[in-house]
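Colleague: I have a chain on the screen and some questions about its fold. Can you take me through them one by one?

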Amino acid sequence: LIEWARAIEGVTLVLREIPDDDIQIYMRSADFLVLPYRKVYTSGSLYLGLSFGLPVIAPSIGLLPEALGDGTAGLLYEPNAPEGLAEA
């Protein structure tokens, strides 16, 4: 993962817990929020991203499709499709 991130210009990989006071720094500097859940019912991270105006890429499971609505807030992908996330 580290080598992959280094190879892509503009990608910063942060592998540590982010203090609550610093979350806004990352949310405001992101272009989009990816939530690669395999199992989930709802997500506080999704709502946090939306509150910062981030488009969200998430699996079509649980309440995520309802939260993303008509697709203007992000993209949904089929979590059981082998290339679902990559295609989104």
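Colleague: Which helix holds I2, and is I2 buried, partly exposed or exposed?
Modeller: This is a predicted model. I2 sits in helix α1, residues 2-6. Its relative accessible area is 43%. Buried means under 20% and exposed means over 50%, so I2 in α1 counts as partly exposed.

Colleague: How far apart in space are I2 and R28?
Modeller: In sequence, 26 residues separate I2 and R28. In space, taken C-alpha to C-alpha, the distance is 23 Å.

Colleague: What is the mean pLDDT where confidence is highest?
Modeller: The protein averages a pLDDT of 93, and 100% of the residues score at least 70. Confidence is lowest in helix α5, residues 84-87, at a mean of 91. It is highest in β2, where the mean is 96.

Colleague: In what order do the elements run from the N terminus?
Modeller: The protein has five helices and three strands. Its C-alpha trace spans about 30 × 30 × 20 Å along the principal axes. From the N terminus on, the elements run α-α-β-α-β-α-β-α.

Colleague: Which strands stand at the edges of the sheet?
Modeller: The sheet is open, with three strands in the order β1-β2-β3 and parallel pairing. An edge strand here has a single partner, so one side of it is left without a neighbour in the sheet. The strands in that position are β1 and β3 (74-77).

Colleague: How many bridges join β2 to β3?
Modeller: Strand β2 covers residues 56-59 and runs parallel to β3. I57 stands opposite L75 in β3. P59 stands opposite Y77, also in β3. The number of bridges joining β2 to β3 is four.

Colleague: What is the bridge partner of L33 in β2?
Modeller: β1 and β2 pair in the parallel sense, over two bridges. For L33, the partner in β2 is V56.

Colleague: Which residues of β2 are buried, face by face?
Modeller: Across the protein's 88 residues, buried ones make up 23%. In β2, both faces are covered. One side has V56 and A58, and the other has I57 and P59.

Colleague: Which residues lie closest to the centre of the largest pocket?
Modeller: The space in the largest pocket is about 1,000 Å³. It is lined by 21 residues. The closest to its centre are V11, T12, A30, F32 and V34.

Colleague: Which element gives the largest share of that lining?
Modeller: α2 (23-29) and β1 (33-34) each supply at least two residues of the lining. The largest share is four residues, and it comes from α2.

Colleague: How many residues of the lining are nonpolar?
Modeller: Sort the lining of the largest pocket by class.

How values were computed
Residues numbered from 1 in each chain as written. Predicted model: local features only at pLDDT ≥ 70, side-chain atom pairs only at ≥ 80, totals over all residues. Heavy atoms only, no water. 1 Å grid on protein atoms, 1.4 Å probe; cavity = no way out; pocket = protein on both sides within 12 Å on 5 of 7 lines; lining within 4 Å. Points joined across faces, edges and corners; volume = space filled by probe spheres on them. Nonpolar A, V, L, I, M, F, W, Y, C, P; charged D, E, K, R; others polar. Pairing = 2+ DSSP bridges. Buried < 20%, exposed > 50% of the residue type's maximum accessible area, 1.4 Å probe, protein only. pLDDT = per-residue confidence, 0-100.
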